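Here is a short report on how parts of one protein model pack together. Please look over the sequence and the structure first.

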Amino acid sequence: MKRNGNIDANRRGRRRDDSGVALILALLFIALLTVIVVEFSYETQVEASFAANQGSDLEAYLAAKSGVARGIALLASDLIESEISGEPEFDSMLDPVPWSFGVPFEPLNGALSRTTIADEYGKINLNALFDTSSGQPEERDFLVNVLREFFILRDPEDKESPDAIVDAIMDWLDYDDGDAVRAEGAENDYYNGLENPYPCKNGPMDSIEELLLIKGITPKVFFGDPKKEQLPLTEYLTVHGDWQGRVNINTARVEVIAAVMAAGGGVPDISLAQQIYDEVRMEPIVHISQLDRYGLGGSTRQQQQQQLPPQLQQSNVDPELLDPAAGQSQQGFIVGSNVFRIYGDGMLEDVLVRIEAYVWRTPLNPAEAGLIPNQQQGDPGEFTEESIPLEPFRVLDWKVIR
């Protein structure tokens, strides 16, 4: 009996052990099942959210695209208004069609759409630092000085010297120079020696953000110091401006106006630049001769002739017949614009889409202005009537930011 009792006790022990193992297995199974259910539920929510976001993204994108279309319509209306009124072609922040104000957020098919427009001719065109009209790049000394004066004015206390920044930009843009390095510039040897190497561009810039690749252009230099209320360089510099590097005085910022005046042999008079900036926003300058009141007169015929392409400089043709803006250029200023940056913003719930478009607007009388350059990247191309774009607007660049 004692033996039988031991056997029963052993059996009861094994049953308790088996029950414990079964309980553990059951708990593991429940835990695994819970994980599977939770994961499935999470993936279902993610997929549903993704599908909803795709719909929201599409609506926001269409709203942003509509914002760009409205911007083009505003610029077209401004040109038509100039033709109807018979006034000279000039562009300012007070044009009859207020393109500079854009269009605030407005409902559009359940989303919100906004339009913002900026004049690229009111900025310093980096791609115009070299004159390529003769086939070989030649530095535009005046514009190089404008750029140097701008960086002197932007932050005199910055550790990166203006000369170093300008030399690096010039080295980035030049070509056919055998990789010759300017005094404080940088070429392939420098960029290929970086931790993440890349070649020097040695050609026109495709976008203004390309500056971040250039030696000396740190994020602080590019985006500005908020403590000093500096705006990003995108508000002062461009790669889509006037192909001769001229600046629309009606739309330029104070620092740009002062830099152009200083490069012309004067001093960087911020107070005078501020005065001009304030006054042209009350009464725009229609013809550059109006700058006489600031001590900046209109250009002479000889100066106008020098601004023509080399193949036309020896002719006896009136420069103003070939390019009406030629008679409106003094100290690098003009009063009209052809290239604009349009921001189209679309928003739906927590989805925001921005389209950044740079558009060329063909002047009213291109045949009389005769000779619109083929390319806006610093190369005037062939000066023939056939080179005039027939379309009223041409998109030079288009970016979608989500």
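This is a predicted model: local features need pLDDT of at least 70, side-chain atom pairs count only at pLDDT 80 or more; totals for chains, interfaces and linings use all residues.

Residues are numbered from 1 along each chain as its sequence is written, and side-chain values use heavy atoms, leaving out hydrogens and water.

**The helix pair**

Helices here are DSSP runs (H or I, at least four residues), and strands are E runs of at least two, numbered from the N terminus.

| α6 | residues 254-263 | V254, I257, A258 and M261 |

Contact means heavy atoms within 4.5 Å. By class, the contact of α6 with α7 has nine nonpolar, one polar and no charged residues.

**Surroundings of α6**

Nine of the ten residues of α6 are buried, so α6 is largely enclosed by the rest of the structure. Buried means under 20% relative accessible area, with a 1.4 Å probe and protein chains only. The buried residues of α6 pack against β3 (124-125), α2 (141-154), β7 (247-248), α7 and β8 (333-334). After α6 comes G265, with a positive phi near 110°.

**A60**

A60 lies in helix α1 (residues 2-85). Its relative accessibility is 0%, so A60 counts as buried. Leaving aside neighbours within four places in sequence, A60 is in contact with G346, M347, L348, V351 and V353. A60 and S113 are 53 residues apart in sequence and 7.9 Å apart in space, C-alpha to C-alpha.

Conventions:
Axes are lines fitted to C-alpha atoms, for helices over the stretch in contact, and angles run from 0 to 180 degrees between N-to-C directions. Ala, Val, Leu, Ile, Met, Phe, Trp, Tyr, Cys and Pro count as nonpolar, Asp, Glu, Lys and Arg as charged, and the others, Gly among them, as polar. Buried means under 20% relative accessible area, exposed over 50%, partly exposed in between (1.4 Å probe, protein chains only).
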